Amino acid sequence: MWDFPIWPESASTVAPSVEALYLFIVALNIGITALVFGLLVLFSVLYYRRADDQVPPQYHGSMLLEIGWTAIPTVICLIVFAWGVKVYAELVVPPADAMDVYIVGRQWMWKAQYPGGQREINALHAVVGKPVKLTITSEDVLHSFSIPAFRVKSDAVPGRYTTLWFQPTQVGVYHIFCTEYCGTEHSRMIGKITVMEEADYQKWLSEKAELGDAVQGRKLFAKLQCVTCHAGESQARAPSLEEIHMKRIPLSFDKGSPVAPGATVLADENYLRESIRYPSAKIAAGYQYPSIMPAYDESLVSEDEMFQLIAYIKSLKKGQTPARNEHTTTPTALGAPAGRP
Amino acid sequence: MSTIITSAPPASAGSKDPGHGGGVDYLNHETSIASWLLTLDHKRIGILYLVAMSAMFVLGGFYASLIRAELITPKGDLMSSDFYNKSFTAHGVIMVFFVLIPLVPASLGNFMLPLMIGAKDVAFPRLNLISWYVYMIGAGFTLVALIGGGVDSGWTFYTPLSTTYLNSNVLLTATGLFILGFSSILTGLNFIVTIHRMRCPGMDWFRMPLFVWALYATSVIQLLGTPVIAITLALVGVERLLGVGIFDPRLGGDPILYQHLFWFYSHPAVYIMILPPLGVTNELISTFSRKPIFGYSMMAGASLAIAIFSFIVWAHHMFTSGLSPYAAMFFSLLTFSVAIPSGIKVFTWLATLFRGSISFDSPMLYAYGFIGLFTIGGMTGLFLSTLGTDIHFHDTYFVVAHFHYVMVGGAIVGFMGGLHFIWPKMFGRMYPEFPARMSAILIFVGFNLTFFPQFLVGYLGMPRRYHEYPDEFQVLNVFSSAGATVLGVGYLLPLLYLPWSVFFGEKAGRNPWGATTLDWTHTESPPTPHNFEETPVVTGEPYKYDTLFNKESALAGH
């Protein structure tokens with residue numbers, strides 16, 4: 001009965017950093033709470049009322065004390081704040097060599113897609129010592145992806161991407177929880193992450209071999225006729241997508257466009273996604289507003305397919321845009337609605 | 001101990017008063033039901049609120065007991081997920097909006113404010129009555145929503161779950177809360193005008209009891225913050241009813257916008273709950289140690305500082321929502337700014353107790369409980385304002401434990417202290433001291449048993465609002481549920497002995513505690529319908545005990 005954990009497992013590179021900060025604040029808590037409780041008890045013992053008509057000396061304040069208990073807590077708070085920022089920086093900045101895994105939350109399951117095209121539901125696999133970056137979104141309501149043993153968490157927000165990263169340090173199986181209330185089966189939106197040695201992982205990957213995300217994305221790129229306009233040529237009707245990922249793009253500020261003159265945007269996953277769902281939101285300089293591109297909503301490009309398209313666009317190098325086939329139909333003929341203003 | 005004090009000189013003034021014992025007071029000058037329902041007397045309106053909020057508290061507590069019963073086992077074996085979700089939503093909505101937010105200002109505040117500043121009533125007595133009816137109408141809507149199938153959005157109504165995906169009574173509940181908000185706004189407005197315009201001669205700003213300062217700071221938040229939540233709930237209605245895209249990304253909206261709007265009110269709302277009990281505690285600590293509050297102006301300033309800072313920290317509820325890291329750092333730093341005035345208050349009370357003459361009547365036991373629980377609640381807030389640790393704790397039971405320490409351990413325990421303190425003034429009778437002390441101790445012990453294990457289980461990573469949970473969290477949850485039983489008994493006792501004492505309690509003198517503010521020195525227990533026989537004139541500070549046993553100066557008002 002007394003055999004229960006009060007300390008979570010610590011299985012990622014950031015976990016010890018969070019742990020150290022946690023222990024520091026625990027020490028502060030114990031110290032200050034003990035001071036307050038101790039003085040309460042001490043004063044109660046020393047100064048309980050001896051006689052009903054007892055009137056104690058009437059102090060009205062002391063500037064020195066008051067400055068003291070304003071200044072000292074301020075300094076302590078600043079130290080905790082600064083340490084918190086340092087740990088937070090570790091938590092939010094992924095290393096450059098992190099492997100991308102895409103996560104889609106929906107009522108009530110987690111779907112994971114690996115770069116090699118492998119897919120899992122309510123499960124994740126990772127390698128000891130290899131950093132992983134999760135790009136997370138939701139198909140419906142808010143969810144939150146949390147792995148307590150790694151001390152990481154990020155909300156899954158419909159309509160945008162959030163990220164988290166971790167580098168496991170121990171082989172094992174750990175909880176994945178949804179921590180943002182998401183409706184009836186919220187408490188069953190849980191899973192496991194299995195951390196393995198490299199060799200086991202490769203074996204697991206090969207057993208689940210699929211066409212890679214970028215390859216799947218290339219197929220979609222052709223199927224959705226993106227190439228009709230994004231032809232990779234300077235006279236094309238839409239900007240070239242070659243090597244566009246993480247470039248800073250100057251924006252068009254045509255009449256009616258909701259951007260300020262001179263504005264630019266970083267072409268990260270969020271921007272690529274937004275430009276597919278809502279083409280007119282931020283138009284690259286040199287192209288007209290509203291966009292001539294149709295808006296691809298969930299019925300045309302699911303969140304899973306969106307990740308594949310983005311994986312493809314990220315992989316697109318100079319001169320790799322597929323040749324345009326003039327005989328295929330335009331996207332609008334496929335049933336896509338006209339671009340929304 | 002109280003009986004001994006009743007015989008002390010300041011109290012003896014009550015016995016020779018013609019109004020006492022068979023005289024006319026605000027309770028007996030009219031007794032029909034209509035005289036209560038149409039009353040414009042701030043004291044009676046305070047009691048109307050007290051009765052209504054007690055009923056809501058019992059209902060909210062009932063839902064809490066369902067939650068704790070379900071969580072004894074890891075499997076969801078007692079009720080369906082839907083019903084569980086509806087239970088914690090009902091618990092949250094009732095406790096936050098119908099109990100904690102109006103609790104101290106509407107009951108103790110309504111009763112005490114005019115008495116403390118030497119006024120015959122609040123500035124707008126009719127508005128005061130209207131605010132109670134608005135509260136009742138809002139409560140009616142919400143109760144209909146609960147009876148008619150419930151609502152499972154959580155008290156936070158996060159979008160797009162609440163606007164697009166749920167088919168429960170979201171609109172009805174939101175309408176109830178929209179209406180309720182006006183009650184809060186009207187009370188805030190009324191108090192601000194009362195404090196500005198109705199103070200008796202000589203009652204300078206810095207001669208006001210500190211409870212009045214706390215009510216003032218609270219009223220400012222109520223007046224400025226509540227319209228924001230009203231608008232936000234209206235927008236939820238517009239999206240849900242008309243499909244206008246505001247928060248749902250499928251319609252072109254932004255769910256994070258909702259969180260900004262919601263917390264812009266709901267974080268300051270925490271200070272609406274906690275500032276008045278902080279104010280009450282000043283009165284208790286001063287009275288039961290017979291010392292002026294150490295550093296009066298610092299304490300008054302700290303209340304105002306908390307009110308102002310409360311409006312610039314809201315995004316600390318959103319550190320995991322994909323907020324820009326720079327914004328997160330900014331809000332983390334600002335959040336620490338609230339810790340400073342909160343700390344000042346606790347240290348100030350300790351300094352006040354130093355070399356005091358401390359008596360342990362039950363209001364003081366509650367005040368001690370308040371300081372202890374508020375300290376733990378406040379200190380554990382450090383884990384959540386610190387970015388590096390908040391990511392792990394966000395939306396776990398750690399957060400649940402933290403805000404219960406502040407909002408229940410702080411607000412409810414502070415309220416209980418205040419209620420026992422003014423009980424003899426309210427009804428002219430003493431409550432029985434022994435069960436009152438028992439209740440104070442049971443609540444303190446039961447509260448810690450209930451919520452301390454939740455810090456641990458939260459650190460393990462157990463998410464909040466979970467109907468089922470992994471087996472390894474069970475032992476801590478069983479502790480928590482066992483503690484809730486003790487806590488429940490602690491709450492039940494006052495529901496029995498307080499009503500009993502209204503009829504059978506020992507008669508109280510006008511100043512059984514030997515307090516020094518106008519409500520005790522210049523009014524009868526219970527007060528006459530218009531509070532003061534003649535307008536009091538204040539000549540000095542509010543807390544002055546060296547003249548306490550000099551009858552003439554005590555009666556002359558300091």
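Reader: Which helix gives the largest share of the lining of the largest cavity?

Author: That's H8(B), with six residues; a helix here is a DSSP run of H or I, at least four residues, numbered from the N terminus. Heads up: this is a predicted model, where local features need pLDDT of at least 70, side-chain atom pairs count only at pLDDT 80 or more, and totals for chains, interfaces and linings use all residues. Residues are numbered from 1 along each chain, chains are lettered from A and ligands numbered from 1 as written, and side-chain values use heavy atoms, without hydrogens or water.

Reader: What makes a residue part of the lining?

Author: It has an atom within 4 Å of a cavity point, meaning a point on a 1 Å grid where a 1.4 Å probe fits but cannot get out. The largest cavity holds about 160 Å³ of space, and 17 residues line it, with B:Phe97, B:Ile101, B:Leu180, B:Gly181 and B:Ser184 closest to its centre. H5 (81-116), H8 (170-197) and H9 (210-242) of chain B each give two or more residues.

Reader: How many charged residues are in that lining?

Author: None: it has 11 nonpolar and six polar residues.

Reader: Why are H1(A) and H13(B) called roughly antiparallel?

Author: H1 (residues 15-47) of chain A and H13 (residues 362-385) of chain B pack at about 165 degrees, axes 9 Å apart. Angles over 145 count as roughly antiparallel, so the pair gets that name.

Reader: Which residues make the contact?

Author: With contact meaning heavy atoms within 4.5 Å, they include A:Tyr22 and A:Phe37 of H1(A) and B:Tyr368 and B:Phe383 of H13(B). By class, the contact has 14 nonpolar, six polar and no charged residues.

Definitions and conventions:
1 Å grid on protein atoms, 1.4 Å probe; cavity = no way out; pocket = protein on both sides within 12 Å on 5 of 7 lines; lining within 4 Å. Points joined across faces, edges and corners; volume = space filled by probe spheres on them. Nonpolar A, V, L, I, M, F, W, Y, C, P; charged D, E, K, R; others polar. Axes fitted to C-alpha atoms, helices over the stretch in contact; angles between N-to-C directions. Parallel < 35°, antiparallel > 145°, perpendicular 65-115°, else oblique.
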